[in-house]
Amino acid sequence: MAARCVLQSAGTALRSVQSDLSSKGLLQRTLGLSQLTFLGSAPCRGLRQVVEKKDGKTTVIEGVIEPTSERPQPPDPTASCPIYRWSLQNKYNYTDVLLLSQFIRSDGGMLPRRITGLCAQEHTKIAICVQMAHRAGLLPDHKPPLPEGHVPKPKSNPPLNRYLTRYSVNSVKPIYKTGLKWCKKRMTVGHPALKNNVRYSPKPLYIKH
Amino acid sequence: MSSFSRSAQQWATFARSWLLIDARMQPPGKIASVCSVRLQGKHKPIYHPLSDIGDHVVVMNTRHIAFSGNKWEQKVYSSHTGYPGSFKQLTAAQMHQKDPTAIIKLAVYGMLPKNLTRRTMMQRLQLFPDDLLPDDILRNLTEELPQPREIPRKLSEYTQEERDAFPMLWTPPEDYRMK
């Protein structure tokens, strides 16, 4: 989609979206994806080159889409959900950060389903895995931005290492009375949504420890 | 080894070796089970419960153990000295803050056989909260045991080539901006 902007004279300021560089004359700015290097391969959609053309009193600024580079084809291109397209259902876990990072924002939140195209079940599974990965500390660069001038309090205790945490850290209460063997209050590990994951060992997945 | 002399073979069979294990990012229960097996001597074919053939085990980085699930908040360690009013219950997080070696120590103590040899085996277990070990123990160490859990890699530890090699699963629509 070409963004056309017709100006009357060269004196008026050029309006641009998400531009950090500005210089007079012919401007070459890239729209679209920000410079986030953690994204997978080369740009997933064509970056738009902003080309400014001047004839006399009219200046035309156009965004020209470059052709996308060659990408590997998914094994099953007919499915609607990207996970099914690449046959990854029941095969991913909270440790597959390269996969999970494709569905999160830069501050760690999930992208909406209508944008990513995931089906409902896979979206919830990915959200659960992302939550577990955040709690395990596997996504250190996806923290929400702190407000300006905010100095974090010096933490006295070093953070405790954890993994496969189902519940939020501050919401869990200690189990003071675990009960007898037949009615024991177990501590849950992992999430039952991932119980259908492929397992290569004969032992079943234990959620209640 | 068949090429050893008789005295060397005897020495190699019955010597008590010093083993090292790193507990960084490991679940304490798995570390404790590995330690208890080695402390009892059950990893040796000459095992007998009465013959004192367990090895010394040194555990380092006990401060950096990792519990699965919400056990840091849910697991409670209780103790009672017998006097009234002395029932203490501490969560794993509080216990760890008080003493970084206590969790693994209690786990190993519970996994050893409940007889009089348990105390001697616990004396042969050395726990260190960080990787700073005293010189005399460092000189005694012979073998390092493999870690029971595979530590997952953080996103920042992946190289740019690995991230580029991973294919993009979905294409965002052309007018979607925020990411």
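## Reading contacts, burial and salt bridges

In chain A, 49% of the contacts (heavy atoms within 4.5 Å) between residues at least 6 apart in sequence join residues at least 24 apart.

Me: Before we go on, what should I know about the model and its numbering?

Reply: This is a predicted model, where local features need pLDDT of at least 70, side-chain atom pairs count only at pLDDT 80 or more, and totals for chains, interfaces and linings use all residues. Residues are numbered from 1 along each chain as its sequence is written, chains are lettered from A and ligands numbered from 1 in the order in which they are written, and side-chain values use heavy atoms, with hydrogens and water left out.

Me: Which elements make up chain A, and in what order do they run?

Reply: Helices (H or I, at least four residues) and strands (E, at least two) are DSSP runs, numbered from the N terminus. Chain A has four helices and four strands, in the order β-β-β-α-α-α-α-β.

Me: How do I read burial, and is B:R149 buried or exposed?

Reply: Buried means under 20% relative accessible area, exposed over 50%, and partly exposed in between (1.4 Å probe, protein chains only). With a relative accessible area of 11%, B:R149 is buried. It sits in the loop between strand 7 (141-144) and helix 8 (160-165) of chain B. Beyond neighbours within four places in sequence, B:R149 has contacts that include A:Y94 and A:Y163 as well as B:M25 and B:A66.

Me: What does the salt bridge between B:D52 and B:R124 tie together?

Reply: These two side chains meet at 2.8 Å, N to O. B:D52 lies in the loop between helix 2 (28-40) and strand 2 (56-60) of chain B, and B:R124 in the loop between helix 6 (117-123) and strand 6 (125-127), so the pair ties together parts that are 72 residues apart in sequence. B:R124 is buried at 12% relative accessible area, while B:D52 is partly exposed at 45%.

Methods. A salt bridge is a side-chain nitrogen of Lys or Arg within 4 Å of a carboxyl oxygen of Asp or Glu.
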